[in-house]
Amino acid sequence: MIKSTFYNLPEEKRNRIVDAVINEFASASTEKVSINRIIKAANISRGSFYQYFDDKVDLVEVLEKTLVNTLYEEFRTALANSDGDIFSTYIHIFELITKCNADKQYKNVLKNLFKNLKANDNLISDYLINRFEGISENYNGFDCIIKDNMRFKNPEEINSLSLILKLIVKNAVFNLFVKNEDPEKVREEFLRKIKIIKQGALIYNSDFE
């Protein structure tokens, strides 16, 4: 697991190492993660690397925590800006993703990252099976969701609804960055699915007529 010495590093050095890990997974020429390339890019020694990490699997945890924290902050910000509307929040997140898709350099980075995550499937599996602790602590933001007009009220139901919406976003991201489908068609399909889920989750006046 990631050692406390890593989290105690000065922010600039810690961010430099994180950037090196992300770039290693995102590199078009990377078929397998190389510690040598990471320590060279991060300008640290091999001895320092093992003061921060036990092995390569820890690098997957670095990726997971970095990406999850970034997405979670985006989620919280979007949720606050949408006055607690979970559907508007996920639409906003998708719109942010489509902006990334318009940036060729960023799109290539994400596409290569997805490819290399797949190429390192054993490494990913090892982390998910043996070390991944889940991200349930990040669901505290669901307290901000407006539930007055929703069929679902309790945290478990809201959590399940959010997981469904996440899968829809994940599918759209896959279609954009991996399958390279037309962005407008992907957007139309994404909004169609959101509309279907929304119609099933909200209570309309007609239900009481």
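Helix H9 passes helix H10 in a right-handed crossing, and I shall start with this pair. The model is predicted, and what I report is computed from it. H9 covers residues 155-177 and H10 covers residues 183-201; the two pack at an angle of about 170 degrees, with their axes 10 Å apart. That angle makes H9 roughly antiparallel to H10, because angles over 145 degrees are classed in that way.

Which residues of H9 and H10 meet? From H9 come Leu161, Ile164, Leu165, Ile168, Val169, Asn171, Ala172, Asn175 and Leu176, and from H10 come Pro183, Val186, Phe190, Lys193, Ile194 and Ile197. By class, this contact of H9 with H10 comprises twelve nonpolar residues, two polar and one charged.

Rolling a probe the size of a water molecule over the atoms shows where empty space is left. The structure holds one cavity of 30 Å³ or more, and the volume of the largest cavity is about 40 Å³. H9 and H10 each supply at least two residues of its lining. The lining residues are Ile168, Asn171, Ala172, Asn175, Val186, Glu189, Phe190 and Lys193. Of the residues lining the largest cavity, four are nonpolar, two polar and two charged. Several names return here from the helix contact: Ile168 and Phe190, for example, line the largest cavity and also take part in the meeting of H9 with H10.

H3 spans residues 35-42, and the axes of H2 and H3 come within 8 Å and cross at roughly 140 degrees. H2 and H3 are therefore oblique to each other. H2 passes H3 in a right-handed crossing. On the H2 side the contact is made by Arg16, Ile17, Ala20, Val21 and Glu24, and on the H3 side by Arg37, Ile38, Ala41 and Ala42. This contact of H2 with H3 divides into six nonpolar residues, no polar and three charged.

How does H2 pack against H5? The angle between H2 and H5 is about 100 degrees, and their axes are 10 Å apart. H2 and H5 are therefore roughly perpendicular to each other. Val18, Val21, Ile22 and Phe25 in H2 meet Leu59, Val60, Val62, Leu63 and Thr66 in H5. In the contact of H2 with H5, eight residues are nonpolar, one is polar and none is charged.

Finally, I come to the second largest pocket, whose volume is about 190 Å³. Which helices each supply at least two residues of its lining? They are H1 (4-7), H2 (11-26) and H5 (57-81). H5 gives the most to this lining, with five residues. The second largest pocket is lined by Ile2, Phe6, Tyr7, Arg14, Asn15, Val18, Asp19, Glu61, Val62, Lys65, Thr66 and Asn69. The classes in this lining are five nonpolar, three polar and four charged.

Definitions and conventions. Residues are numbered from 1 along each chain as its sequence is written. This is a predicted model: local features need pLDDT of at least 70, side-chain atom pairs count only at pLDDT 80 or more; totals for chains, interfaces and linings use all residues. Side-chain values use heavy atoms; hydrogens and water are left out. On a 1 Å grid over the protein atoms alone, a cavity is a set of points where a 1.4 Å probe fits but cannot get out, and a pocket is an open set with protein on both sides within 12 Å along at least five of seven lines; lining residues have an atom within 4 Å of a point. Grid points are joined across faces, edges and corners, and a volume is the space filled by probe spheres set on the points. Helices (H or I, at least four residues) and strands (E, at least two) are DSSP runs, numbered from the N terminus. Ala, Val, Leu, Ile, Met, Phe, Trp, Tyr, Cys and Pro count as nonpolar, Asp, Glu, Lys and Arg as charged, and the others, Gly among them, as polar. Axes are lines fitted to C-alpha atoms, for helices over the stretch in contact, and angles run from 0 to 180 degrees between N-to-C directions. Angles under 35 degrees count as roughly parallel, over 145 as roughly antiparallel, 65 to 115 as roughly perpendicular and the rest as oblique. A crossing is left-handed if the near helix is turned anticlockwise from the far one by less than a right angle, and right-handed if clockwise. Contact means heavy atoms within 4.5 Å.
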